[in-house]
Amino acid sequence: MTAEMAQDEQALLWNGTAGKSWIAAEASVDVMYRPFEDLLVAATPPGRRVLDIGCGTGSTTRAVARAAGECVGVDISAPMIAAAAARAAREGVNARFICADAEVHDFAPASFDLVMSRFGVMFFADPSRAFANLRRATRAGGRLHAFVWREAAENDFMTRAERAAAHLLPPRPERAPDAPGPFAFARPERVRGILQDGGWSGIDIAKLDIECAFPERELLHYLTWMGPVGRILQQADAPVRTKVMDTVRAAFDPFVHGDEVRFTAACWSVDAHA
């Protein structure tokens, strides 16, 4: 598959089922990933101009805008950007949103002090080209700070639904290790090479394990919408949906602790300098 085809595939996915799913599960996801949002805010001094890559519905963009004074979120998903902008307007937050592919978007050169992302940089069709473009958008002395997933095998919570439901759904193509997707940056040596190709220096990639949690009452809703299983269920008939959800929900019992769902997010914290 060419980079252009992969780019088109990502645009179709995030402007379709994936974007719809994320908006539907936004509240659960924002609570679940709040520790990462807090880390991004803590790492952003006031007065910085920040670019949030793959901002989705804008939770991190709004949080950092409150701390830094200004933040621009960019995402390829028009529905998610619309939701993000509407919420920022309601809350009166100095956050601006761009619906674009950050890999090729014509950002003003040297216009940002910090490029950040919470799980939004692993979907580029041509990552080296993307990070070169982001480097041009960052002032000299600015920096990159991003969180990405480690191996799928280390993230049981992220992959359990599709494994539990595999025998009930049509076969899915095997995940290519470096293809655009959640685990595309699982290999730190690959990430380092991509950043070096893009002109970044002072690269530091540190192992990070973060405890995440959200209310148990939201688990079924989350499983109904998120990930490959959630997207398939949007087109499934009622009997299939019921059978799949019963199976998948039972598979998540080990993560349920009273009225809370808890899991460890196995990530890399990626830092670099422009």
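User: Why is E26 called buried in this model?

Analyst: The model is predicted. In it E26 has a relative accessible area of 15%, and buried means under 20%, so E26 is buried.

User: Where does E26 lie, and what does E26 touch?

Analyst: E26 is in helix α3, residues 26–32. Leaving aside residues up to four places away in sequence, E26 touches T57, R62 and R87.

User: What makes the pairing of E26 and R87 a polar contact?

Analyst: The side chains of E26 and R87 are joined at 3.4 Å, and the cut-off for such a pair of N or O atoms is within 3.5 Å.

User: How do you know that the length of helix α6 agrees with its number of residues?

Analyst: Helix α6 has 14 residues, 78–91, and at 1.5 Å a residue they should span 20 Å. The expected span uses one less than the number of residues. The end C-alpha atoms of α6 are 20 Å apart, which agrees.

User: Which residues of α6 are buried, and what puts them on the same side?

Analyst: M80, I81, A84 and A88 are buried in α6. They cover an arc of only 100 degrees around the axis, so they lie on the same side of α6. An α-helix has 3.6 residues a turn, so residues three or four places apart point the same way. On the other side of α6, A89 and R90 are exposed.

User: How many aromatic pairs does the whole structure hold, and what makes F157 and F252 edge-to-face?

Analyst: A search of the whole structure finds 16 aromatic pairs. F157 and F252 are 5.3 Å centre to centre, with 90 degrees between the planes. Centres within 6.5 Å make a pair, and planes over 60 degrees apart count as edge-to-face. The pair links distant parts of the chain, 95 residues apart: F157 in helix α8 and F252 in the loop between α12 and β7.

User: Why do F157 and F252 count as buried?

Analyst: F157 has 5% relative accessibility and F252 has 1%. Buried means under 20%, so F157 counts as buried, and so does F252.

User: Why is the pair of F252 and F255 called tilted?

Analyst: Their ring centres are 5.6 Å apart and their planes are at 40 degrees. Stacked needs under 30 degrees and edge-to-face over 60, so this pair is tilted. Ring pairs link F252 and F255 into a cluster with F157, F214, Y222 and F263.

Note on methods:
Residues numbered from 1 in each chain as written. Predicted model: local features only at pLDDT ≥ 70, side-chain atom pairs only at ≥ 80, totals over all residues. Heavy atoms only, no water. Helix = DSSP H or I, 4+ residues; strand = E, 2+ residues; numbered from the N terminus. Buried < 20%, exposed > 50% of the residue type's maximum accessible area, 1.4 Å probe, protein only. Polar contact = N/O pair within 3.5 Å; in protein donor to acceptor, adjacent residues only side chain to side chain. Contact = heavy atoms within 4.5 Å. Arc of directions from axis to C-beta. Phe/Tyr/Trp six-rings, centres within 6.5 Å; stacked < 30°, edge-to-face > 60°.
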